[in-house]
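I opened a new notebook page for this structure.

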Number of protein chains: 2
Amino acid sequence: VPNPRLLSPALLLALLASAAVPAQEPADADTDAAAKPLSAQEILDASPDAHWRTLDPANTLYMELDAGRVVIELAPQFAPGHVDNIRTLAKEGFWDGLSIYRSQDNFVVQFGDPTEEEAERKSLGSAKAHLPAEFERAAAGLDFTALPDPDGWAPQVGFVDGFPAARDPATGTAWMAHCYGALGAGRDMAADSSTGAELYVVTGQSPRQLDRNITLVGRVVDGIELLSVIPRGPDPMGFYEDPARRTPIRAIHLASEVPPAERSHLEVLRTDSATFAAATEARRNRRDGWYKVRAGHIDLCNVPLPVREAKADDAG
Amino acid sequence: VPNPRLLSPALLLALLASAAVPAQEPADADTDAAAKPLSAQEILDASPDAHWRTLDPANTLYMELDAGRVVIELAPQFAPGHVDNIRTLAKEGFWDGLSIYRSQDNFVVQFGDPTEEEAERKSLGSAKAHLPAEFERAAAGLDFTALPDPDGWAPQVGFVDGFPAARDPATGTAWMAHCYGALGAGRDMAADSSTGAELYVVTGQSPRQLDRNITLVGRVVDGIELLSVIPRGPDPMGFYEDPARRTPIRAIHLASEVPPAERSHLEVLRTDSATFAAATEARRNRRDGWYKVRAGHIDLCNVPLPVREAKADDAG
């Protein structure tokens, strides 16, 4: 049985031949395939196209930075009021020319208009200046795919339409979870003080203590690595006092407002598919020869959302 | 009762007056202090000096980058063989002039000598070319401060001398946990193939599935934000094929080998102190007015290690 790593691309091979930490999804290319379970990557590679979906352009934001595009999927099933407002803000170009004005290590980046005086801030245009908090909703009506493992922060965790989520059978409520890449609507002290104009993306260890304390509105699907490397602002909270250190936002637009030729073409694995269940199980118990101890567990925020380039030219 | 945020510094005030995500440790400066519990920050501010410790220069590494210094504390109580080797490698300047040659988003940075051919790699000098794996050890003899909350990956979790750790009462073993900032020794397929020459630091969501699968040797105490912003290398694993994109390492030296005048002067909160227990409890149940729902829980890797500048000129 050859070393499974020998089938990696040339440089990877070279680097892996030296001491290395494995990929999060090691390619398990053992030739003795019939005798052993598939790795998560092999399961994805063998998945039927029906287990993948394209993004709805009306629920997809493109954040255009000098470094490239961040693709965000909005979650109207959890935060309909905020998503409506965000659609309006995007259509009217609210964020165009604004900036990412906060980057706190192991926590979040935050963007919008940091102007101190409320009267001097950029107009919200046709968007609403006041919205109800959307911290949680009724669990009924959601297609909730539960993870098998316990979670310290919630009675039950899993996925809804690709979004990491939690629910409480005792109260019949469900909410999105603060995992890496989660997009939320900043607020002041009052629960209902967010409008969706000030947004943040989680770029560190999942701050689950924020769950049910702030309205989550979506998640980054592609390009998170453009946000996670933004140099950290000053302690303690990473707000850039110097405007020159802020990261300019060229534009944030709905995919549906972008000409089809300029759209990204991504497919996301359906989290209610057998492929997602099998790939997650392969991560709960890694059977790659590199692993000596199988965890028999996975935390909600350790489950990646598989994303791939679309084969056809579906917009997304 | 004034808005507690009004006591923040001027700019922070301005930004917090607009919609914002709170700090991970909100300054809870309500004037009605007698009537309510202290915040984590207030607990730290009021802590006796005896609850803090300086770093042992013989167990402290300085990684010198163009961007600044990363301070690492080694854990000989968990990985004595690897720490011995790392001390030797540092004393002999093994990493000086080498590079960080991998940055994988939401996972790790990795550094050392990426040369493909083993025969062409930089000599380990007096360091050992072979070490036993140090994935776990006997729990007996460790000062283990348990967290009150359950963990999905291990029967029990807590802290040992500042290091996030786990233990299994059934087997009597203990091990360090892969939290943000953990420093580990890369290895090949064989469990005992690490030498400490190739090292990685966790820069993403805690990859706890690596626990007991690889030898952890310490943790970053200061300067992690210099590593976490390193631009990500190419998919899937973030290895830079182009040497020009690697981050040069000026030097990695033991603090004890650095002239006292050039040392950092840090103090770390003792994780067996009443202050650490109280600050952790304040994070398990946030009583800041911003929080509407208290988690009643904290995950091991969400507990920060408080670090401060030393008041005296103790080396560390």
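I call a residue buried under 20% relative accessible area, exposed over 50% and partly exposed in between, with a 1.4 Å probe and protein chains only. Helices (H or I, at least four residues) and strands (E, at least two) are DSSP runs, numbered from the N terminus. This is a predicted model, where local features need pLDDT of at least 70, side-chain atom pairs count only at pLDDT 80 or more, and totals for chains, interfaces and linings use all residues. Residues are numbered from 1 along each chain as its sequence is written.

Entry one: helix α3 of chain A.
I checked the length of α3(A), residues 80-91. The expected span is 1.5 Å times one less than the number of residues. For its 12 residues that gives 16 Å, and the end C-alpha atoms are 16 Å apart, which agrees. I then listed its buried residues: A:His82, A:Val83, A:Asn85, A:Ile86, A:Arg87, A:Leu89 and A:Ala90. They pack against several strands of chain A, including β2 (60-65), β3 (68-74) and β13 (215-222). After α3(A) comes A:Gly93, with a positive phi near 70°.

Entry two: strand β3 of chain B.
How many of the 7 residues of β3(B) are buried? I found 5, so the strand, residues 68-74, is largely enclosed by the rest of the structure. Next I looked up its partners; two strands pair if DSSP finds at least two bridges between them. β2(B), residues 60-65, runs antiparallel to β3(B), with 6 bridges. B:Met63 stands opposite B:Val70 there. A hairpin of 2 residues joins β2(B) to β3(B). β13(B), residues 215-222, is also antiparallel to β3(B), through 4 bridges. I noted B:Gly218 in β13(B) as the bridge partner of B:Leu74.

Conventions. Chains lettered and ligands numbered in written order. Heavy atoms only, no water. Contact = heavy atoms within 4.5 Å.
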